[in-house]
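Please read the following with the sequence and the model open side by side.

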Amino acid sequence: MSAQGDCEFLVKRARELVPGDLWAAKAWLITARSLYPADFNIQYEMYSIERNAERTASAGRLLYDMFVNFPDQPAVWREITVITSALRNDSQDKQTQFLRGLFETLPGRVQCEMLLKATEQCFNTLERAEMLLLLLRRFPETVVQHGVGLGETLLDAESIEDQESPVNCFRKLFVCDVLPLIINNPDVRLPASLLYKYLNKAAEFYINYVTRSTQTESQYQGSQDSSDIMSPSKRSSQKYVIDGLTEKSSQITDPWERLFKILSVVGMRCEWQMDKGRRSFGDILHRMKDLCRYISNFDSDAHAKYKNQVVYSTMLVFFKNAFQYVSNIQPSLFQGPNAPNQAPLVLLEDVTNIYGDTDIDRNKHMHKKRKLAEGREKTMQSSDDEDPSGKARSRHITVNKADLANSVEVLESFKLARESWELLYSLESLDKEFTRICLSWKTDTWLWLRIFLTDMIIYQAQYKKAISSLHHLAALQGAHSPQQISGQGSLENQRALIQLATCHFALGEYRQTCEKVLDLMCCILLPIQEGGKVQEEQPKVKSKFRKGSDLKLWPCTSRAIMPYCLHLLLACFKLRAFTDNRDDMALGHVVVLLQHEWPRGENLFLKAINKICQQGNFQYENFFNYVTNIDMLEEFAYLRTQEGGKIHLELLPNQAMLIKTSSPPMGLLQQEFIPVLQPSIQTADRHHTVTRGITKGVKEDFRLAMERQVSRCGENLMVVLHRFCINEKILLLQTLA
């Protein structure tokens, strides 16, 4: 029998004995190995027995012998591949843990050599990178030789693969795994230009990772868990998987913390003027402002160094705080349908002092029993001019605590982001570098950033620029529309319309304001409310009446936005109604709109009555379609009497156009309105204050219309005003033409 035949016989005999007598099988193989020490099959069979029995130490020794004596055997590399795969695997099963333990028994030199050779056997870039990364983590001394090369390989692969997003497997491995090993190793010498390149790549990755939108993210896997992937604010915990990576490898904790750590290390390596210890964003920004004051005094090399310090430090403070602001006012943009049930907020000009007015002659209507409000506020004036400096006068933003619990922190983020942006454009050299970075990152396609920039421009009172920014925002939303989550499109449309309206109003473009408001009214869905109490439940924000310079963060919901729309319409028509020129149509619209939040607009209503008395007559044929306020009806009824001045009122359209079916029968009226309406409805008491004096010589149709109107006082006022905006859209726009 030949030697080869002997070896095969011995191995075969050992295999037969394994199930029944393991020790006899081992004896056969030990004998065989003594006789034929150069035979690979005998040693591999010995290794297989030990591995199957999960004897870590003995299996490790045999693997080491095979690796040293038979380095070219395919079976050895198959085994090494299985082991290295277990080292990269997140699994905790028994077999994987055994293979990791087996690898740990090998001498460090052999582990390093084995990983290096295993890397050479990989032809897939991603697999090769993960294998080399395993080597760098276990043997930091290899970072000097292989670290930068691995980083460049990953960046080259990203470019070759033509990845659409910086959030890809190659960039993730580079930024999160390789880069920290490189920059934290003092033995790795890197030129400043390469450090800035790496910092740029890291910043682009982390910012895109944190701000990735649910509109473009389609790779959520599984259900919710408690993973926190955003710091300091908690982020939605959907399991996001980066293509080419495992679920666990795709999750990044504290991305902002990691990014600012890289900024700090790069700054020390580049010899920036660094502060010791941890600094707040406000402190960093203040330090950069100081540096900018004398940056021009440095020579060219130092100037370039400190320019990069100001640009990158300020830029990261800007993006961090801009994101904090937007993620709080519109959380659904980042967190999707599983976001907390918080209404999105929209930044608008404050028009709450719209009811403020000039003095009224109180002697004219002494018959009224209610007391007039004593506090008189100056009439709100809107400026037709933008702030020429591009920087707003000191403006105050108010927000209801119930709408935004952490309002102080959010407004501070808005302030820091705004100041960072201004600093980045304060010097030409900073402007040029920041613009270059933004172009390379394609920040003009970032929907969330455009939302912030629009709000910032509105804050700066640059309303024409804000209108252009809103049109840019609409184009971005159109690009995202195929992936929009349910309801997101209409929300964005409403946000754009109301901000366009507030900008046109601030520019004095009242027809355009009215047009946007009425377009928005078509999108508004009214909540079901009882009676006329809707306006009482609207959120109130105390205003200090800073002559129109305030702004509000207002809930972007139908329930909250409709009152704001009515304020804007009233502001537009109020300015036209009370000019020296007579405009009964505008004055009539004002009367209809003043019903909202009654009696806040009582002073303004009395001014309207005063103007009608001065004119001696008044024509508004929509009066009985939309005026249901009992106090207003009483006042107009009084104007027809001798005591009221016998004012000629043309409030009736053609009889056929009167709303005869709108008044509910007495039995259907809500109980709370019966005490108010009974005197007018009972035939025994026709001379209620609304109709007193009218029956003597007054046209019967006016008296009947007024009585019918009293019975409508229980209608839902917001429904009436909503119908007014929808049905009379053309008439309202014509009035402001």
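**The sheet and its surroundings**

β3 and β5 are joined by five bridges and run antiparallel. This is a predicted model. Within that pairing, Leu 347 has Leu 553 of β5 as its bridge partner. On its other pairing, β5 (residues 551–555) is joined to β4 by three bridges, and these two strands run parallel. Here Val 399 has its bridge partner in β5, and that partner is Leu 553.

Taken together, the three strands make an open sheet with the order β3-β5-β4, and its pairing is mixed. β3 (345–349) and β4 (397–399) are the edge strands, each pairing on one side only. From one strand to the next, the twist averages 30°.

Helix α13 covers residues 255–269. Its 15 residues should span 21 Å at 1.5 Å a residue, and the end C-alpha atoms are 21 Å apart, which agrees. Just after the helix, Glu 271 takes a positive phi of about 60°.

Which residues of α13 are buried? They are Pro 255, Trp 256, Leu 259, Phe 260, Ile 262, Leu 263, Val 265, Val 266 and Gly 267. An α-helix has 3.6 residues a turn, so residues three or four places apart point the same way. The elements that cover the buried residues of α13 include α10 (169–183), α11 (192–210), α14 (281–293) and α15 (300–329).

Two packed helices are described by the angle between their axes and the distance between the axes. For α13 and α15, the angle is about 170° and the axes are 11 Å apart. The two helices are therefore roughly antiparallel, since angles over 145 degrees count as such. In this contact, α13 contributes Trp 256, Leu 259, Phe 260 and Leu 263, while α15 contributes Tyr 312, Ser 313, Leu 316, Val 317, Phe 319, Lys 320 and Phe 323. By type, the contact residues of α13 and α15 are nine nonpolar, one polar and one charged.

**Two single residues**

Is Glu 141 buried or exposed? Glu 141 sits in the loop between α8 (125–138) and α9 (143–160). Its relative accessibility is 57%, so Glu 141 counts as exposed, the cut-off being over 50%. Between Glu 141 and Asn 185 there are 44 residues in sequence, but the C-alpha to C-alpha distance in space is 9.1 Å.

Ser 558 belongs to helix α23 (residues 558–577). With a relative accessible area of 16%, Ser 558 is buried, because buried means under 20%. What does Ser 558 contact when its neighbours within four places in sequence are left aside? Its contacts are then Gln 494, Ile 524 and Leu 525.

Key
Residues are numbered from 1 along each chain as its sequence is written. This is a predicted model: local features need pLDDT of at least 70, side-chain atom pairs count only at pLDDT 80 or more; totals for chains, interfaces and linings use all residues. Side-chain values use heavy atoms; hydrogens and water are left out. Two strands pair if DSSP finds at least two bridges between them. Helices (H or I, at least four residues) and strands (E, at least two) are DSSP runs, numbered from the N terminus. Axes are lines fitted to C-alpha atoms, for helices over the stretch in contact, and angles run from 0 to 180 degrees between N-to-C directions. The expected span of a helix is 1.5 Å times one less than its number of residues. Buried means under 20% relative accessible area, exposed over 50%, partly exposed in between (1.4 Å probe, protein chains only). Contact means heavy atoms within 4.5 Å. Angles under 35 degrees count as roughly parallel, over 145 as roughly antiparallel, 65 to 115 as roughly perpendicular and the rest as oblique. Ala, Val, Leu, Ile, Met, Phe, Trp, Tyr, Cys and Pro count as nonpolar, Asp, Glu, Lys and Arg as charged, and the others, Gly among them, as polar.
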